[in-house]
Amino acid sequence: MQVPRSAKGLKFVVLGGGMVGVCVALEMQKRGAEVILLDRDDPGGGTSYGNAGVFARSSLFPINNPGLLVDLPGLLTNTRAAFRYDLKYLLSNLAWASRFLLSARKKTFQETTVALDALIRLSIRKHLELIDACNESARLSDAGWMFLYRDIGRYERAGLLRTTLGNFDVDTQELDGTALHDLEPDLAPIFPRALWVRDSYSVNDPAALVKAYAAKFTAQGGKVLRSDVRTVSEDLDGVEIVLADGSLLKADKIAVCLGPWSKDFLAKLKMSVTMGFERGYHMHFEGAQDGANAKILRRPIYDTQGGYVLSPMTKGLRLSTGVELAACDAPGSTAQIDLAEKAAREAFTLGERMDPEPWLGRRPTFPDSRPAIGPAPTYRHISVAFGHQHIGLATGTGTADVLADLIEGKTPAIDALPFRPDRFIRHFG
Ligand SMILES: Cc1cc2nc3c(=O)[nH]c(=O)nc-3n(C[C@H](O)[C@H](O)[C@H](O)COP(=O)(O)OP(=O)(O)OC[C@H]3O[C@@H](n4cnc5c(N)ncnc54)[C@H](O)[C@@H]3O)c2cc1C
């Protein structure tokens, strides 16, 4: 149980400088707390560095939706860019896997769509304000993003996505091959159908956006400290944080925003976390720049059958893969990015690879595909905000708003119950 109190003058430490942690730091600072942001790396160096850069209303539709059960036999072949898995890892995390599948049932799925829609809408509104306040609008595109279908049958089978987005008034447009060509003339004509999600934005460098938010935090008097956090302990008055060099930092309250690494960290505090790691890779490619014949991608595309997202970024075209279920820090493999590259080259002219090796990220996912936002079970001064699966770049701002309200004992702008940490975090001490 946390004791609610105004954030004014509170000594507050945020563990983790990804999109979520930086937004929590900014929000607590806005409410009058003295905030320190702690990360072993520069802000924006973790999962928030390498994602596809999309802020989309359509992300209210989780991967574990009722259609997943139909697709499962194909996915289990372990041969697709959209989904690969390490069987040993899966068997060692059956509690997560079975509950993830069970959450694809209609009732949980529907509850999740309502919860995520509210979080995403709040977050996008706050991102737009913050991006403007940081003078970062040039990074933002409002051209939406595109779901692409290589055959009409597949498009028709995706009816639940369209109906669900319609139920939430997400602004979409169904396109045939000709209408798609008008919007994305440089795509190969292999997609007879597409769904253009107009209610969405993208950024051309997600890490730069996190850094810009962090710069605003420091310009306003916040402190960024670079250190590995070894562990923390709390007593009645507050929290003691042990840094890598053994030095101690004291705080009235802290928030654990360590993304995928939160699970291992909380184990030190005797908390077990039922969470899976949906890992994913990216690789940048040179665009085909041939004078008047240069090939241009105007917005991120999601090739639903190719199993990849291709996003125009400042560095080049960022190809990111679907899901690889494996242990958080197990070695990476090139298999998934190779499959994605092969499929992407069928759709768009890609130049050379630009990175020496694929970047590997970990999407931390709870069984119901909702993040944990709120007090850590049985602790008075420790809150958590992690488990944002595929949407943590988009939902950092809303997460921070909800968490700060809970810490201050206020009623959050959206229903916070679906995000209660004790859904999947247990204290075993
Ligand atoms: C391939 C891919 C594509 C994606 N595409 C999108 C997308 O288009 N849109 C979207 O919204 N989301 C997307 N995501 C998901 C999104 O990137 C994540 O949900 C989000 O980045 C999570 O942010 P975070 O702040 O929780 O975690 P992170 O960004 O991982 O931050 C955690 C921080 O904790 C630090 N840390 C960990 N342990 C310690 C320690 N012991 N001491 C000190 N510091 C520590 C790390 O250094 C890191 O900076 C994608 C993810 C992947 C992998």
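A: Helices (H or I, at least four residues) and strands (E, at least two) are DSSP runs, numbered from the N terminus. This is a predicted model: local features need pLDDT of at least 70, side-chain atom pairs count only at pLDDT 80 or more, and totals for chains, interfaces and linings use all residues. Residues are numbered from 1 along each chain as its sequence is written, and side-chain values use heavy atoms, with hydrogens and water left out.

Q: OK. Which residues of helix 1 and helix 9 meet?
A: From helix 1, they are Met-19, Val-22, Cys-23, Ala-25, Leu-26 and Gln-29. Helix 9 brings Leu-209, Val-210, Tyr-213, Ala-214, Lys-216 and Phe-217.

Q: How do the residues of that contact divide by class?
A: Into 10 nonpolar, one polar and one charged. Here Ala, Val, Leu, Ile, Met, Phe, Trp, Tyr, Cys and Pro count as nonpolar, Asp, Glu, Lys and Arg as charged, and the others, Gly among them, as polar.

Q: At what angle do helix 1 and helix 9 pack?
A: About 25 degrees, with the axes 10 Å apart. Axes are lines fitted to C-alpha atoms, for helices over the stretch in contact, and angles run from 0 to 180 degrees between N-to-C directions. Helix 1 and helix 9 are therefore roughly parallel. The cut-offs: under 35 degrees is roughly parallel, over 145 roughly antiparallel, 65 to 115 roughly perpendicular, and the rest oblique.

Q: Is the crossing of helix 1 and helix 9 left-handed or right-handed?
A: Left-handed. That term applies if the near helix is turned anticlockwise from the far one by less than a right angle; clockwise is right-handed.

Q: What about helix 1 and helix 12, what angle there?
A: About 40 degrees, with axes 8 Å apart. That makes helix 1 oblique to helix 12. The crossing is right-handed.

Q: Which residues meet there?
A: Helix 1 uses Met-19, Val-20, Cys-23, Val-24, Glu-27 and Met-28. Helix 12 (residues 392-408) answers with a list including Gly-392, Leu-393, Gly-396, Thr-397, Ala-400 and Ile-407. By class, the contact has 10 nonpolar, four polar and two charged residues.

Q: And helix 5 against helix 9, what angle?
A: About 70 degrees, with axes 10 Å apart. The two are therefore roughly perpendicular. Their crossing is left-handed. His-127, Leu-130, Ile-131 and Ala-133 of helix 5 make the contact with Leu-209, Tyr-213 and Lys-216 of helix 9. That gives five nonpolar, one polar and one charged residues.

Q: Tyr-213 again. What is it in contact with, beyond its neighbours in sequence?
A: Leaving aside neighbours within four places, Tyr-213 contacts Met-19, Val-22, Cys-23, Leu-26, His-127, Leu-130, Ile-131, Cys-134 and Thr-397.

Q: Now the core. Which members of the largest one touch the most others?
A: Phe-12, Val-14, Val-24, Met-28, Val-35, Phe-55 and Tyr-213, out of 64 residues. Helix 5 (residues 106-133) supplies the largest share, 10 residues. A nonpolar core is a set of buried Ala, Val, Leu, Ile, Met, Phe, Trp, Tyr and Cys residues joined through side-chain atoms within 4.5 Å. Buried means under 20% relative accessible area, exposed over 50%, partly exposed in between (1.4 Å probe, protein chains only). There is also a second, separate core of 42 residues, including Leu-243, Ile-254, Met-275 and Tyr-379.

Q: Which residues of helix 7 are buried?
A: Gly-159, Leu-161, Arg-162, Thr-164 and Leu-165. Their cover includes helix 5, helix 6 and strands 6, 7 and 8. Asp-169 follows helix 7, with a positive phi near 55 degrees.

Q: Last one: where does Ser-202 lie?
A: In strand 9 (residues 200-203). At 8% relative accessibility, Ser-202 is buried.

Key. Contact means heavy atoms within 4.5 Å.
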